[in-house]
Structures are given as C-alpha cells and as structure tokens.
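Colleague: Could you walk me through this one while I have it open? I'd like to start with the charged pairs and then move on to the rest.

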Amino acid sequence: MKNKASYWIDRLDLQPHPEGGYYREIFRSHAEVHRHNESELRRACTSIYYLLEGNDFSGFHRLKSDELWYFHGGQAINIHVLDTNGDYKCIELSDSETGNLQAFIEPNCWFAAEISSKLDFALVSCAVAPGFDFSEFEMATKSSLSSVYPSQKSLIERLCRF
C-alpha cells in the first residue's frame, strides 16, 4: 500500500491544493520575523507535505519567500524555475543518481513541478521561510508569463493552469 498515492493521501490527510496536487500544512512556527525592508510580522517558517500523482502538476506560481523542497519517495519530480533574470533551470528532485534530495527556490521566481515519468506519485515536503501565506501566493497566467519568457512558451502553456 505504501507505493500508492491513495495510501499517502489518506495517511497524511492530504487535501487538494490550488496549484495542483495534494497537501497538508504540518508546521507553522510560533516565532515571528520581519522580512527585510518590511514592517509586517510573518511566521518564521512553515512546512507542508505535498503529493503529485500521474499527469497532475504544480502550476507556475511564485512566492515572496525562500522555499525548500525535500524528496521523500515515489517518482522523480522536475521543478522548472524561471528566475528574475529571465533564466530557466530544471531541478530533478529524486533519490536517483541524477537527482537531488532537496531543492531551493529563490523568492519571486516562477516555478512549477511535475512527475517526469507521468507515472505513480511523488511525495515531498516544502518548507517556506518566512512562512507561507496565501496572500503572497501568486499563480501565473499563460499570457503574462509567456510575454516575459517567450523562449519558454511551450513549457508555460503546458504547466500554467490559467
């Protein structure tokens, strides 16, 4: 059973995420911090379980905070990153020889994730610091992102939800 998405969705009580996949927040720090040049207090850190299965994907989005992804099991995930300089990189998150067990996404970068094989599932954790807040979560649109990154139009068309 541990090799089935349904097992992990039930065991971890995961819910559908707006960007795709399933998640559950498992930690929200009581400590609060100020982001540089901002007066509003934020939780220092948050962490979620996140699961993708089959053809589902995490649509292009961005955050104002650092995000770390940690691989737990299942299939390899490709994290596609469009940075603030206009550059593209793909990070393989997996336990294979070519993969990374963790990945770092810089603030304000657009990123999306998918199971490279489109098979089975992948289970990861994501930690955000300063902590995640839906008010700072921005989903990309195909038209606006394609106008900034025209060389990545086919990737954007495939991994944008709107």
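Modeller: In this predicted model, arginine 35 forms a salt bridge with glutamate 38, and their closest N and O atoms are 3.3 Å apart.

Colleague: Is arginine 35 buried or exposed?

Modeller: Arginine 35 counts as buried because its relative accessibility is 13%, under the 20% cut-off, whereas glutamate 38, at 30%, counts as partly exposed.

Colleague: And what does arginine 42 form a salt bridge with?

Modeller: Arginine 42 forms one with glutamate 136, where the closest N and O atoms are 2.6 Å apart. That pair links distant parts of the chain, since arginine 42 sits in strand E4 and glutamate 136 in the loop between E12 and strand E13, 94 residues apart. Arginine 42 is buried, with a relative accessible area of 9%, and glutamate 136 is buried, also with 9%.

Colleague: Which residues are linked in a network of salt bridges?

Modeller: The network links Arg35, Glu38, Glu40, Arg42, Asp133 and Glu136, and the count of salt bridges comes to ten.

Colleague: Changing topic, how many residues does the largest nonpolar core have?

Modeller: The largest nonpolar core has 19 residues, and those with the most contacts inside it are Trp69, Ile77, Ile79, Leu93, Ile105 and Val124. Strands that each supply at least two residues of this core include E7 (66-74) and E12 (121-129).

Colleague: What is isoleucine 105 in contact with, leaving aside its neighbours within four places in sequence?

Modeller: Its contacts include Trp69, Ile79, Val81, Ile91 and Phe111, along with Ser65, Asp66 and Glu67.

Definitions and conventions
Residues numbered from 1 in each chain as written. Predicted model: local features only at pLDDT ≥ 70, side-chain atom pairs only at ≥ 80, totals over all residues. Heavy atoms only, no water. Core = buried A, V, L, I, M, F, W, Y, C linked by side-chain atoms within 4.5 Å. Buried < 20%, exposed > 50% of the residue type's maximum accessible area, 1.4 Å probe, protein only. Helix = DSSP H or I, 4+ residues; strand = E, 2+ residues; numbered from the N terminus. Contact = heavy atoms within 4.5 Å. Salt bridge = Lys/Arg side-chain N within 4 Å of Asp/Glu carboxyl O.
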